[in-house]
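Hello,

Here is the structure I promised to pass on. Please open it beside this email and follow along.

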Amino acid sequence: MLSLAQARALQLAAQGLLQPPRRRPRRDDVVAAIGRMCLLQIDTIHVVARSPYLVLHSRLGNYPTAWLDEALAQGRLAECWAHEACFVGAADVAWHRGGHDHRTHHWAHRHAARMYREQRTEMDALLQSIRASGPVRSADFARADVAGKPGWWEWKPEKRWLEAWFALGELMVARRDNFQRVYDLAENVMARLDPPFDPAFAPSVAEQRERFILDSVRALGVTPAAWIADYFRLKPKVGDRELAPLVASGELLTVPVAGWNVPGYVHRDHADALDKALAGRLRATRTALLSPFDPLVWDRARALAMFDFEYTIECYTPAPKRRYGYYVLPILHRGRLVGRLDAKAHRGSGVFEVKALFLEPAVSPEPTLAHAVAGAIAETARWHGTPEIQLGRTRPAGLARLLRAAWRGTG
């Protein structure tokens with residue numbers, strides 16, 4: 001039986017978060033890390049680094065963010081709707097474009113389909129314009145006054161139409177300019193993919209679902225059936241009965257986990273890691289700041305069950321109702337989620353502001369923990385180009401003294 005700590009270590013190993021990088025990062029590591037996670041969620045908030053860059057930093061360390069942009073422009077990565085809008089490896093694009101019934105339940109596809117029914121003439125005209133004139137950005141179109149409209153409807157019409165065609169699969173993202181999407185016809189983007197896109201490969205809905213189930217289990221390291229569907233937003237939910245044939249074929253392994261009253265599932269690719277975990281030979285030594293949209297924590301029920309960490313993204317919560325702050329980063333330390341910090345990178349002045357830092361109630365501010373957390377904050381601040389750290393309040397209050405001592409090199 002896996003202890004919960006061993007299960008955590010197996011999940012961290014699968015996610016690339018078990019131990020610090022052993023060498024300096026290389027360009028290929030960006031694509032490899034996304035392949036390991038199976039996807040990389042995109043979010044545009046940038047009070048610190050935008051989420052996809054920060055997720056990679058948690059795994060790779062001090063890498064140039066331009067490498068992610070380059071991999072997209074070179075066709076080694078692509079963007080699609082998966083968990084949400086995500087980067088995926090070029091080799092996986094065919095899986096995301098096959099089995100179209102799978103994505104019709106996603107909110108983005110539903111919104112896009114409704115928009116096309118209501119604004120078909122305008123959307124067809126935009127698509128024809130791109131076909132005739134080439135790739136475009138939303139910024140290429142003048143903005144009308146749409147103040148006060150929620151969600152997609154706050155965008156200018158052309159932006160909504162571009163996003164709708166992207167969700168419907170007619171447009172893809174050729175590259176990003178200063179993180180702005182450059183939209184092109186899907187066939188043009190797919191023609192540049194590396195490895196090449198095979199138009200003859202058309203998996204059925206059932207084959208696609210099985211592939212995404214297997215990829216989800218592989219990315220999660222060890223998981224009960226209940227956590228699988230969320231990774232790729234599968235519907236209906238995945239249950240033990242559906243997984244039984246995959247266990248029988250050897251694609252999946254089962255293992256009991258302490259405290260779970262259901263089986264834990266492990267992908268056969270992690271058989272060796274499972275043996276190491278059972279023997280207590282997977283040691284979690286990484287300390288890192290995580291994005292709110294990191295695969296490790298985006299499923300709140302999973303984070304609570306696996307790490308006893310109750311976490312909500314509060315940037316969408318009205319300020320008076322926030323408990324911890326606008327953009328709060330979970331703190332991973334040696335196999336546990338030990339706290340969280342509300343941060344803002346002031347790039348113009350080179351300051352990394354830690355507005356507040358909270359340790360979990362059961363976590364003691366030991367000097368070794370404080371030193372490791374201080375190192376993770378300093379590493380992230382230097383990577384941002386904001387090496388000066390300003391520390392606000394901490395809980396417990398005495399943690400501030402230990403962090404400052406570590407930054408001075410005396411802790």
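Below are a helix pair and a few backbone features.

First, some ground rules: this is a predicted model, where local features need pLDDT of at least 70, side-chain atom pairs count only at pLDDT 80 or more, and totals for chains, interfaces and linings use all residues. Residues are numbered from 1 along each chain as its sequence is written, and side-chain values use heavy atoms, leaving out hydrogens and water.

Helices (H or I, at least four residues) and strands (E, at least two) are DSSP runs, numbered from the N terminus. Helix H7 (residues 120-133) and helix H8 (residues 157-168) have axes that come within 10 Å and cross at roughly 80°. Axes are lines fitted to C-alpha atoms, for helices over the stretch in contact, and angles run from 0 to 180 degrees between N-to-C directions. H7 is therefore roughly perpendicular to H8 (65 to 115 degrees; under 35 is roughly parallel, over 145 roughly antiparallel, the rest oblique). Contact means heavy atoms within 4.5 Å; among the residues that meet are Leu-126 and Ile-130 in H7, and Trp-161 and Trp-165 in H8.

Now the loops. A cis peptide bond, with omega about 10°, joins Asp-194 and Pro-195, and Pro-195 lies in the loop between helix H9 (186-190) and helix H10 (205-220). Another cis peptide bond joins Arg-395 and Pro-396, with omega about 0°.

Finally, Arg-334 is not a glycine, yet has a positive phi of about 50°. Arg-334 is partly exposed, at 48% relative accessible area (buried is under 20%, exposed over 50%, partly exposed in between, with a 1.4 Å probe and protein chains only).

Happy exploring!
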